[in-house]
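Student: I have not looked at this structure before. Could we go through it by question and answer?

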Amino acid sequence: MGGAWQNLFSVLLCLSSLDQIIDAAKKQKELKIVTEHKPPTCHEKAEPGDLVAVHYTGRLDSGAIFDSSVQQGREPIQFQLGAGKVIPGWEQGITGMCVGERRKLIIPPHLAYGPRGQGPIPPDATLTFETELVSVQKQSYGGYEDTIFTAISFLAVPAAIVLFVGYLWNKVKKSPNKQGTEKRKAWKEEEITEEIFFSLLR
């Protein structure tokens with residue numbers, strides 16, 4: 001019996017410590033991350049630019065659940081990390097997670113919904129999210145290369161047309177000046193020839 005009571009006391013002490021951490025985090029101005037489970041091996045970590053899928057349960061200060069993908073049987077939420085699709089507390093809290101890892105995110109108001117609130121979330125609420133990273137899809141840079149190549153190919157033809165038109169315009173613009181110069185030169189040569197001719201007659 002003594003061992004059972006001791007184990008129960010240890011569990012209660014751990015829960016009390018966790019509650020103290022949560023209460024302290026709520027008074028802080030920064031995000032607090034509590035790792036509840038981490039796989040022995042981490043093959044992939046969530047990084048900015050990755051498409052991540054996350055299961056979550058969100059709680060208010062009172063402990064009341066305001067939203068949960070787990071309890072409502074929904075698919076995990078998917079979003080691109082670092083793209084500003086979720087609140088800043090999530091952006092910071094999910095970054096670096098391993099697939100299968102579970103974290104408790106204690107998010108202060110300025111990293112959540114701030115003074116405006118959102119739906120059942122009151123203004124200036126500190127939120128606690130229990131999260132689990134389900135999957136990570138790494139960003140493919142080949143897509144960017146294909147997009148750039150397509151854009152260059154698309155713009156090449158109009159650019160060539162513009163350059164050709166510009167060339168023709170400059171040629172047409174310069175042509176009358178050249179002809180005029182040649183005419184003035186011919187007239188001057190005729191005048192010199194006439195002066196020489198009349199000087200010989202004198």
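**Overview of the chain**

Student: What percentage of the 202 residues in the chain is buried?

Tutor: This is a predicted model, in which local features need pLDDT of at least 70 and side-chain atom pairs count only at pLDDT 80 or more, while totals for chains, interfaces and linings use all residues. Residues are numbered from 1 along each chain as its sequence is written, and side-chain values use heavy atoms, without hydrogens and water. Buried means under 20% relative accessible area, exposed over 50% and partly exposed in between, with a 1.4 Å probe and protein chains only. By that cut-off, the buried share of the 202 residues is 26%.

Student: Which residues form the aromatic cluster?

Tutor: Rings of Phe, Tyr and Trp (its six-membered ring) pair if their centres lie within 6.5 Å; planes under 30 degrees apart count as stacked, over 60 as edge-to-face and the rest as tilted. The structure holds 5 aromatic pairs. One cluster is formed by Tyr56, Phe66, Phe79, Trp90 and Phe129.

Student: How many residues apart in sequence are the parts that the pair of Tyr56 and Trp90 ties together?

Tutor: The rings of Tyr56 and Trp90 are edge-to-face, 5.5 Å centre to centre with 80° between the planes. Both residues, Tyr56 and Trp90, are buried. Tyr56 is in strand 2 (residues 51–59) and Trp90 in helix 2 (residues 88–94), so the pair ties together parts at a sequence separation of 34 residues.

Student: Where in the chain is Phe129, the partner of Trp90 in another pair?

Tutor: Trp90 and Phe129 form an edge-to-face pair with 5.4 Å centre to centre and 90° between the planes. Both Trp90 and Phe129 are buried. The two are 39 residues apart, with Trp90 in helix 2 and Phe129 in strand 6 (residues 127–137).

**The largest pocket**

Student: How many nonpolar residues are in the lining of the largest pocket?

Tutor: About 200 Å³ of space lies in the largest pocket. Of its 13 lining residues, Tyr56, Asp67, Trp90, Tyr113 and Phe129 are the closest to its centre. Ala, Val, Leu, Ile, Met, Phe, Trp, Tyr, Cys and Pro count as nonpolar, Asp, Glu, Lys and Arg as charged, and the others, Gly among them, as polar. The lining has 2 charged residues, 1 polar residue and, as its nonpolar part, 10.

Student: Is Ala112 buried or exposed?

Tutor: Ala112 is found in the loop between strand 5 and strand 6. Apart from neighbours within four places in sequence, Ala112 is in contact (heavy atoms within 4.5 Å) with Ile87, Pro88, Ile107, Ala125 and Leu127. With a relative accessible area of 8%, Ala112 is buried.

Student: What is the C-alpha to C-alpha distance in space from Ala53 to Val136?

Tutor: Ala53 lies in strand 2 and is buried, with a relative accessible area of 2%. Not counting residues up to four places away in sequence, Ala53 touches several residues, including Glu132, Leu133, Val134 and Ser135. Ala53 and Val136 are 83 residues apart in sequence, and their C-alpha atoms are separated in space by 6.6 Å.

Key. Helix = DSSP H or I, 4+ residues; strand = E, 2+ residues; numbered from the N terminus. 1 Å grid on protein atoms, 1.4 Å probe; cavity = no way out; pocket = protein on both sides within 12 Å on 5 of 7 lines; lining within 4 Å. Points joined across faces, edges and corners; volume = space filled by probe spheres on them.
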